[in-house]
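Hi everyone, thanks for coming.

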Amino acid sequence: MEPARSIGRLGFSKWYERRLIEAHAWLLTGLLCAIYVGVSLEGLSFKGNALVWLGTTGGTFVGGLIVWHALRRFFAILGEAERLSRQSTCSACKAYARFEVIRAQSRIGVRCRRCGNEWTMS
Ligand SMILES: [Zn+2]
């Protein structure tokens, strides 16, 4: 049902804007964690307390996982937003993002607010 329900509730332009903000928040999170991982690797030393080494290594591993997840989310959200954006222009009157959702299924049925033309987005 998502993203059809969100698009129907917010309108396409607002939904698209929010998706871009969310994608870039994930990108920023990934970059900050990448900096953390880099700094942690810089300070990693095999001489010294084993408990500190274990903590640093664990933090680096978790930071790496967050970087991986954040980049996956960034590209997934951006890909979905761009895919739907390419389909949000009415083929009859060329109005961009001026439609209402009429079917919220896996393929989103929409109707142009300007001319009433209907098409599906997937
Ligand atoms: Zn139209």
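Two quick housekeeping points. This is a predicted model, where local features need pLDDT of at least 70 and side-chain atom pairs count only at pLDDT 80 or more, while totals for chains, interfaces and linings use all residues. Residues are numbered from 1 along each chain as its sequence is written.

Okay, helix 3. Helices here are DSSP runs of H or I with at least four residues, strands are runs of E with at least two, and both are numbered from the N terminus. Helix 3 covers residues 50-86, so to speak, 37 residues. From first C-alpha to last it reaches 54 Å, close to the 54 Å expected at 1.5 Å a residue (the expected span is 1.5 Å times one less than the number of residues).

Which residues of helix 3 are buried? They're Gly-63, Ala-70, Phe-74, Ile-77 and Leu-84. Buried means 20 or more other C-beta atoms within 10 Å of the residue's own, exposed means 12 or fewer, and partly exposed is in between, with C-beta atoms placed from the backbone. Their cover includes helix 2 (12-43) and strand 3 (118-121).

How do helix 2 and helix 3 sit together? Their axes come within 8 Å and cross at roughly 155° (axes are lines fitted to C-alpha atoms, for helices over the stretch in contact, and angles run from 0 to 180 degrees between N-to-C directions). That makes helix 2 roughly antiparallel to helix 3, the word for angles over 145 degrees.

Now the cores. A nonpolar core is a set of buried Ala, Val, Leu, Ile, Met, Phe, Trp, Tyr and Cys residues joined through C-beta atoms within 7 Å. The largest one has eight residues: Ala-4, Ile-7, Phe-12, Trp-15, Cys-90, Phe-99, Ile-108 and Val-110.

Last stop: the loop between helix 3 and strand 1 (99-104), where we find Lys-94. Phi of Lys-94 is near 65°, a positive value in a residue other than glycine. Is Lys-94 buried or exposed? Lys-94 is exposed, with 10 other C-beta atoms within 10 Å. Ala-97 lies in the loop between helix 3 and strand 1 too, and has a positive phi of about 60° although it is not a glycine. Ala-97 is partly exposed, with 17 other C-beta atoms within 10 Å.

How values were computed
Contact = placed C-beta atoms within 7 Å. Parallel < 35°, antiparallel > 145°, perpendicular 65-115°, else oblique.
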